Amino acid sequence: MSDLCAVILAAGEGRRLRPLTARVPKALCPVGNVPLLDHALARVARLGFADPATVAVNASYLGEQVVAHAGGRAHVSPEDHPLGTSGGVGRLRSWIDGRGALVGNADAYLAGPGADPVALLDGWDGETVRLLGQPAPGEPYGFSGHRFAGFSLLPWRYLRDLTPEPAELVRTVWRPAEAEGALEVVTFTGTFLDTGTPPDYLAANLHAAGGGSLVAPDARVTGPVERAVVGAGAVVEGALTRAVVWPGGHVAAGEHLVDAIRVGADLTVP
């Protein structure tokens, strides 16, 4: 696939996830005890994009954390200020250098059949824009009865005109391609969550736990746990019900977290 590359968009601040993202960028928030960015990098690596020559990651908000985390595994593109999905890809235009690009959002949680979007690549003519879409009849901002499910495949003929100015792909590429009859939606019927809000972020974690609980091997859990995700080094002395405890978190005896996320010993996001 020398004529293709991958770009993971990881520059977002994640304002709707605050206060979780006051400490780490959204792309590094853990889902199933694995940072979202690592999920995305693993997904494209399984398609053959696994080194700095074939996969790029952009970074802006708390960008030094993303740079340190992805360095060596991907070409990293720091941004002084957020450029949006289009501007972030446009800033990478010289690195893309004539190739088509599989562009994915780091905050997209995908699971089930088709979660590795190989269907976007299969039989691609190199000219049309492809979107991974989840059926959503009546979605007012959707595409052919689908909502965007985190990944798109863009030909060079659209990429070459992108600039590093703040803008979104929906306006610079997707809608123009749709108007030209050059947009194709590839249906994804698995689980998709954008993890952009605390409820969706919690739902993604609980889904990753497979209906039970997921506890890191070095976590210390002495309280009752029901459908929870507990990170590395966490200490849980209280009770958890449909909850997430970040790495190093602490739930004291007598506490009962329900439908909540715990960071450290004192931050609880319901």
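The model is predicted, with local features needing pLDDT of at least 70 and side-chain atom pairs counting only at pLDDT 80 or more, while totals for chains, interfaces and linings use all residues. Residues are numbered from 1 along each chain as its sequence is written, and side-chain values use heavy atoms, with hydrogens and water left out.

Reader: Is Ile-96 buried or exposed?
Author: Buried means under 20% relative accessible area, exposed over 50%, and partly exposed in between (1.4 Å probe, protein chains only). Because Ile-96 has 1% relative accessibility, Ile-96 counts as buried.

Reader: Which residues is Ile-96 in contact with, leaving aside its neighbours within four places in sequence?
Author: Contact means heavy atoms within 4.5 Å. With neighbours within four places in sequence left aside, Ile-96 is in contact with Cys-5, Val-7, Val-89, Trp-156 and Leu-159.

Reader: Which backbone oxygen does the side chain of Asn-205 reach?
Author: Asn-205 counts as buried, because its relative accessibility is 0%. Pro-30, Val-31, Gly-32, Val-229 and Val-244 are in contact with Asn-205, neighbours within four places in sequence left aside. At 3.5 Å, the side chain of Asn-205 reaches the backbone oxygen of Pro-30.

Reader: How far apart are the C-alpha atoms of Asn-205 and Ala-74?
Author: Along the chain, Asn-205 and Ala-74 are 131 residues apart.

Reader: How many residues of the lining of the largest pocket are charged?
Author: Asp, Glu, Lys and Arg count as charged; Ala, Val, Leu, Ile, Met, Phe, Trp, Tyr, Cys and Pro as nonpolar; and the others, Gly among them, as polar. The lining divides into 16 nonpolar and ten polar residues, and the charged ones number eleven.

Key. A polar contact is a pair of N or O atoms within 3.5 Å; within protein, one must be able to donate a hydrogen and the other to accept it, and residues adjacent in sequence count only if both atoms are side-chain atoms.
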